[in-house]
Amino acid sequence: MEFTVWGILTAIVVGLIVGALGRLVVPGRQNMPIWLHMLIGVGAALLGTVLARAMGIATETAGVDWGELLVQVVLAAIAVALVAGVGRRRSVTHR
């Protein structure tokens, strides 16, 4: 399995963008800083590159590899939503 510089850079950029937009995915207030959202997005997008290549979706093209990009975006969005949702405190109101 060969990784290209372009694939890694794309994963980082996609992860930063999806991580930053992750606050919009989960309703309510998140107790996570924006840099943590972005870091989770980058990690998930890099994992998306690995998965796309392992599944044979990623191909060597002259332009944008839309299949790999789609896997990166979906995985990063899911990871950010899950971590933001799990990290959110649930409060109980007493009457």
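Helices, at least four residues long, and strands, at least two, are DSSP runs that are numbered from the N terminus. In this predicted model, the elements of the chain follow the order α-α-α from the N terminus on, and the secondary structure comes to three helices and zero strands.

| Helix | Residues |
|---|---|
| α1 | 5–25 |
| α2 | 34–55 |
| α3 | 66–87 |

An unreviewed UniProt entry lists residues 6–26, 38–57 and 69–87 under "transmembrane region". Over residues 38–57, the chain is 90% helix and 0% strand, with the end C-alpha atoms 25 Å apart.

What does the largest nonpolar core consist of? This core has 12 residues, among them Ala11, Val14, Met32, Ile40, Leu69 and Val80. The elements that give two or more residues to this core are α1, α2 and α3, and the largest share, five residues, comes from α3.

Leu21 and Gly41 lie 20 residues apart in sequence, while their C-alpha atoms are 9.5 Å apart in space.

For the chain as a whole, 34% of the 95 residues count as buried, and the chain exposes about 6200 Å², of which carbon and sulfur atoms supply 72%. Among contacts between residues at least 6 apart in sequence, 66% join residues at least 24 apart.

Definitions and conventions:
Residues are numbered from 1 along each chain as its sequence is written. This is a predicted model: local features need pLDDT of at least 70, side-chain atom pairs count only at pLDDT 80 or more; totals for chains, interfaces and linings use all residues. Side-chain values use heavy atoms; hydrogens and water are left out. UniProt positions are given in the numbering used here, feature names are shortened, and annotations may be inferred rather than shown by experiment. A nonpolar core is a set of buried Ala, Val, Leu, Ile, Met, Phe, Trp, Tyr and Cys residues joined through side-chain atoms within 4.5 Å. Buried means under 20% relative accessible area, exposed over 50%, partly exposed in between (1.4 Å probe, protein chains only). Contact means heavy atoms within 4.5 Å. Accessible areas come from the Shrake-Rupley method with a 1.4 Å probe; for residues, only the protein chains shown count as cover.
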